[in-house]
Amino acid sequence: MAAYITHPALSSLSKINCNINAIYCFISFSRRISISSNVLSTSAVTTESEAAGRGVRGQRRSKRQAGEPRTERMTVDQDWTAVYPTAASFKPSTVPLPVRMGYPVKRGVPPAKKGNLELMKIPNFLHLTPVAIKKHCEALKQFCTEWPSALDSDEKCMKHFPIQVQSKEFVSAGLSLQNPDARIVTLKVKLSSLNLDDHARKKMIKLCEERYCKDTDTLTITTDSCPLRQQNYDYAMYLLTVLYHESWYIDWIVISF
Amino acid sequence: MWDGNHDLDIVSSQLNSAACFRNIHCTAACLKNRAARIRVGKGDKSVTYEQAYHPHHIGHRKGWLSQHTSNLQGEDGAAERVVEDVFIRRFMYGTFHGCLADEVVIKRRGNLLVICAVMIQKLLPSKFYFLIGYTEELLSHFYKCPVQIEMQTVEEKVVYKYL
């Protein structure tokens with residue numbers, strides 16, 4: 001039998017933990033009552049507890065003892081993806097490592113992992129072990145198709161797909177996941193890949209003004225006037241089409257003067 | 001010949017112009033050297049790690065209690081996140097009154113708001129579960145985003161040192 005005694009001066013209400021014949025019971029007492037550490041019979045304990053309970057707001061809580069942490073029952077070859085399937089904060093009772101974090105006190109060690117706020121603050125990658133990533137890849141494979149084997153070099157890609165369209169996706173943490181800058185679309189095309197004769201090329205360059213870069217022979221069209229990315233993409237393609245047809249059109253009225 | 005009236009007029013007109021006014025500025029006293037600091041006492045005050053280290057140790061010996069992307073270059077919404085954080089801390093302090101062992105850690109993963117808290121085992125587990133559900137439901141209705149609470153319990157406050 002063991003009884004833990006707390007000094008009454010430190011707290012007005014404290015609980016003592018009695019283990020009598022494998023029966024767990026809790027007694028709460030006020031500052032005026034003090035119990036010695038000698039033998040306490042079961043009957044005395046129950047009457048004491050009832051008296052104390054009635055004395056202190058009549059509260060009788062039967063508190064269950066906290067069980068052992070999950071780490072005690074973990075095997076070495078367990079499935080870790082079941083412990084941390086998604087991103088979660090550090091839980092000391094589920095990570096079986098004796099991690100310590102924090103600045104140590106003088107002639108001491110860094111604080112242990114139990115109740116360690118520093119370990120909870122930092123992001124962890126316990127959910128991204130190589131095994132977990134393999135599982136993700138296996139699950140995603142059924143939605144993927146093979147890269148076409150004919151397109152094995154950059155030149156072939158440029159030859160078959162001369163127009164390059166770029167847009168940005170934004171990831172941020174906040175109440176709204178939308179970002180207005182995600183609607184901007186940039187279209188890049190090399191004039192050498194378009195079917196232009198001498199006059200059409202000169203007219204195209206004159207129409208584009210500063211959107212044409214002479215060194216790389218690239219025409220860059222950036223659209224952001226529409227609210228949606230799809231609309232901006234359609235507008236950019238429309239502009240390219242209009243530029244192409246306009247550059248081929250020979251304005252006889254202007255030339256005849 | 002000295003024209004006293006003319007000079008006086010010039011001086012008074014210059015005094016009345018906007019550049020010469022001195023007003024009283026009233027702001028709240030910031031007390032930057034007393035914020036978030038527990039003063040050293042007799043040696044009977046127990047402090048946690050979070051309370052023991054002062055704000056200038058943030059980034060060196062302490063981490064950040066709240067994480068989001070709004071403070072990065074080109075991102076907006078920083079002020080709104082701060083106001084949300086303050087509200088959430090007060091809400092947690094009041095809902096789990098007397099149970100909080102340490103400060104609340106707030107993380108944001110995209111849309112999801114994760115609140116990590118360390119509690120003392122003061123209430124029954126069923127009461128804790130109820131309060132967690134209540135908090136999650138209310139806060140997700142306030143902020144129109146999913147809210148998740150990750151809670152740990154300890155028997156008593158983890159003491160770092162005594163001041």
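Predicted model: local features only at pLDDT ≥ 70, side-chain atom pairs only at ≥ 80, totals over all residues.

Biologist: OK, how many residues of chain B are in contact with chain A?

Modeller: 38 residues of chain B are in contact with 28 residues of chain A, contact being heavy atoms within 4.5 Å.

Biologist: And how much area do chain B and chain A bury between them?

Modeller: About 2800 Å², with 54% of it on carbon and sulfur atoms. That's the accessible area (1.4 Å probe) lost on putting the two parts together, summed over both. On chain B's side, B:Tyr49, B:Gln152 and B:Tyr160 supply 18% of the buried area, more than any other three residues.

Biologist: What's the salt bridge count between chain B and chain A?

Modeller: Two, where a salt bridge is a side-chain nitrogen of Lys or Arg within 4 Å of a carboxyl oxygen of Asp or Glu. A:Lys114 and B:Glu155 meet in a salt bridge, at 3.3 Å from N to O.

Biologist: Which element of chain B gives the largest share of the side that touches chain A?

Modeller: Strand 3 of chain B, with four residues. Strands (E, at least two residues) and helices (H or I, at least four) are DSSP runs, numbered from the N terminus.

Biologist: Switching topic: what's the volume of the second largest pocket?

Modeller: About 480 Å³, counted as the space filled by probe spheres set on grid points, which are joined across faces, edges and corners. A pocket is an open set of points on a 1 Å grid over the protein atoms alone, with protein on both sides within 12 Å along at least five of seven lines; lining residues have an atom within 4 Å of a point.

Biologist: Which element gives the most to that lining?

Modeller: Helix 3 of chain B, with five residues. The lining has 21 residues, and B:Glu50 and B:Ile58 are among those nearest the centre.

Biologist: How many cavities of 30 Å³ or more are there?

Modeller: One, a cavity being a set of points where a 1.4 Å probe fits but cannot get out. Its lining includes A:Gly115, B:Thr48 and B:Lys157.

How values were computed:
Residues numbered from 1 in each chain as written. Chains lettered and ligands numbered in written order. Heavy atoms only, no water.
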